[in-house]
Amino acid sequence: MTLVRFQGGHRFRVKGEPAKVVETLEAPELLALSPAGIKDFKPRIVVKVGDKVQIGQEIAHHKKNDVIKLTSPAGGVVEEIRYGRRRVLKGVVIKRDAEESAVDFGACQTDALGKLSASEIETRLLESGLWPQLTSFPGSSMPLLESERGEKLLAGIYVSALFTESHTLETSLVLDNNTENFTAGLLALSRLHPNLKIFFKQGMSVPEQIRSAFKDNICFIEDKYPAENIGVQAFYTKRLKKNEFIVGASAQTVIDIGYLFRKGRVRTERLYAVCGNAAQKPMHFRGRKGMAVSDLTQIFSEQVDGSQIRFISGGLFTGKRVSAEDFLGSLDESVSVLAEDRHRIPFVFFRPGLNRLSLSRAWFSALRTDMEAESSTSNNGEERACIQCRACIDVCPVDLIPNLIMKASVTGEIEAMEALSIHDCVDCGLCTFVCPSKIELGRDILDGKSLIEKEG
Amino acid sequence: MVFRLLDKLVRQAEEGKSPLKYQRAGLAALSTFFRRPADVTKQAPHIRDATDLKRFMLLVVAALLPCLLFGIWNTGRGAYLSIGQTDFTFFDAFLEGSLHVLPLVLLSYAVGGFCEMIFAQLRNHEIAEGFLVTGMLYPLVCPATIPWWMFTLGIIFGVVIGKEVFGGTGQNVFNPALVARAFLFFAYPAQMSGEVWVVKPYDKLADGTLTPALWTTIPADQIGQFIAGQTHAPDAYSGATALAIVTENAPGLDSVAALFSVFSSWDMFVGLMPGSIGEVSTLMCLIGAFILVVTGIGSWRTMVGVFAGGLVMASLFYFSSSDQTPTVFALAPHEHLLMGGFAFGAIFMATDPVSSPLHNTSRLIYGFLIGALCILIRTINPAFPEGMMLSILFMNIFAALIDHYVIRAKTKRRAGRV
């Protein structure tokens, strides 16, 4: 059981973390199937308004490959198919009925599960709609199917059973009462590829059942962001060759997979974390997949003016903006509610700064070990030119030179970007966070990757 | 309040209302100087580090304050001593020095800021924070007695040619304060070298009273004539700097002995000697270095590299010194570090992040070459008693090249591992 250490990164302590208590929410009347956040998924909807659907029934599939499906989180009647700007599918809204029948995919005993082949596992995950919950690195989109891989080789399955990003879940609460499902899920994933690695936070006591079944697969990793990033984990355990990729699964996805094989049905329960300084009570809630942000946010403060409140799904570094009417998709598990900080602090840069969040030692807050920083959305300055201060280099967890990659990306120099190992970038957002010139390094690096993909 | 009025003016300027629209850059700069901008993050990550360029530059200015304050006092002290007056208080010296130094600092910021404002306005950018540091560095590398018009020309040249034509802060190849200083050095060499005598002669008024006139610089070879032509001894004069003495290569003169007859090592370390305003005190520079390294703003690798390079080169000369070599060869290596602009250049000039290389190893190499080249210029070339400014400017050209090879070696190693 090795300890993985990595350079750069930072242990953040930001206010608004969810309390380590769980409250169960009543299932709302309306739930929706939302493809939000699943990269490169172009939905073709196969139901219409008025259709009766079961939990786990196909609602939409990927236009490019119809075996990749998204399935219903609820049993009932299709109420509405909601579109957003530019005909982006916001959600297929289902009105729950009392019984909520579910598709039976066939339960599987543990020994039988342990003998299934990789393609059998893949097929089951595809037909149940769980496949899009898996991610891959490099790229962070759905993993390539066996049939699509061509020359690309799957090098391993990485399960992140930890959260270090600010405003995300508490792992022990996720695993509580779910160790059977988690273990079954790990067994299923191990059939996809023998190189299965499960990462826990350094110092966490792993539940006995998991520890005994997967002793050789467990790794511990330093407790600092971005330890849960599978790109970082792979960088320090098995460097990927150019044609290799790995598949990632979050703890809740593993539980969903285990539940599917054990019970033969798609799991509808989900643990959510509600965080942030504009949330009345930041804590954990047991809810349903497909809830609306506003179902969780009944517990929020009253202000919903868009210019005053920001809703984020995901952590503070990698999360995306959502609005209160959006539905939480299969990758969403934490919602952060922040008051926009446009406060124009007078003489801010002259202040000693005992409370300022900074990775540099430019403020007196660097002397404090106990500080919990405000979760302020202020940009803390306007965009300027790069001054080569090395802040981005010192914080990068995979030893890149982000400012040079940014300069190569902005000028469209593909060879320079490749020479600087742009594909090792894990999109953690730390370089963008620290830059004193407030340059959007993460966005520039992503643009560079897209350019390479297009021209490639 | 004042802030709200200022913001209203900024808004009007941005909307294009004449004549305010021509003040847009200046007004916006004032507004964000006094209060943090209201910008919020547009995309992930949703929170950002509190450190911005204003904080970064302010810390450099804070690190320069010991040099500035000491320089003010030392200028006043020099003024009193050179008229033979030794019973002056600390405050007397500080006040006298302030009268010479503070106007230069204000002038530097005002003129430099004005140039920056014009370029920002024309380019429709914001005024960048780089000049907050340049504005403080430039007076500190000039003598206190420099004529204001000459000083103004220097800063204009430094900001425009040294920085703005390259694209502004972040794009400059050279350190702008050093470019300004180099301009003065090559355009007005007599006034800038250590051989200059600076006097404050007396004027006789109608009623027969004497009143001190403005500072005048007299080339060394004319000083005798000038004093002879005065009816009264000048009010003040300052003499040659330590470097000027030790690099003097007259036959029969042991310049090192001559140096130590005027200044002790301790004098030179503390800075009790004439020179440019901020450069004299190695001690104050080291306090500044401590501030820069502790806050992580200045690279200790560059600083250590410069000192190491200087020591190595000076040792080479020291161990090869003999009766046939110029006497300056025999100067002990560590004494070199105390004289002239060596410490100041190593700590504040070479560490400018924009004009120095990016990689840690490159910074060590760059620093080493600066230190070595500086001592080389000082010792070998009689025309340049001080080599620091030139060696930093020269190495600025090579900063990108050093980086190119170091980073290429690193990326090749990394690609090979996959």
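Let me begin with a term: a residue counts as buried under 20% relative accessible area, as exposed over 50%, and as partly exposed in between. By that scale A:Lys238, with a relative accessible area of 28%, is partly exposed, and please keep in mind throughout that what we are looking at is a predicted model. A:Lys238 forms a salt bridge with A:Glu244, where the closest N and O atoms are 4.0 Å apart, and A:Glu244, at 11% relative accessibility, counts as buried.

Now to the chain as a whole. Chain A has 13 helices and 19 strands, and its radius of gyration is 22 Å, close to the 23 Å that the globule rule gives for 456 residues, so chain A is as compact as a globular protein of that length. Of those 456 residues, 58% count as buried.

Over all chains the structure holds 45 salt bridges. One of them joins A:Asp223 to A:Arg11, with the closest N and O atoms 3.2 Å apart; this pair links distant parts of the chain, 212 residues apart, with A:Asp223 in the loop between strand S13 and helix H6, and A:Arg11 in the loop between strand S1 and strand S2. A:Asp223 is partly exposed at 21%, whereas A:Arg11 counts as exposed at 54% relative accessibility.

Finally, the surface: A:Lys42, A:Arg44, A:Lys63 and A:Lys64 gather there in a patch of positive charge. Of these, A:Lys63 is found in the loop between strand S6 and strand S7, and at 48% relative accessibility A:Lys63 counts as partly exposed.

How values were computed: Residues are numbered from 1 along each chain as its sequence is written. Chains are lettered from A and ligands numbered from 1 in the order in which they are written. This is a predicted model: local features need pLDDT of at least 70, side-chain atom pairs count only at pLDDT 80 or more; totals for chains, interfaces and linings use all residues. Side-chain values use heavy atoms; hydrogens and water are left out. Patches are made of residues with over 30% relative accessible area and no salt bridge: like charges are joined within 9 Å, nonpolar side chains (Val, Leu, Ile, Met, Phe, Trp, Tyr) within 5 Å. Accessible areas come from the Shrake-Rupley method with a 1.4 Å probe; for residues, only the protein chains shown count as cover. A salt bridge is a side-chain nitrogen of Lys or Arg within 4 Å of a carboxyl oxygen of Asp or Glu. Lys and Arg count as positive and Asp and Glu as negative; His and the chain ends are not counted. The place of a charge is taken as NZ of Lys, CZ of Arg, CG of Asp or CD of Glu. Helices (H or I, at least four residues) and strands (E, at least two) are DSSP runs, numbered from the N terminus. Buried means under 20% relative accessible area, exposed over 50%, partly exposed in between (1.4 Å probe, protein chains only). The radius of gyration is taken over C-alpha atoms; the globule rule is 2.2 Å times the number of residues to the power 0.38.
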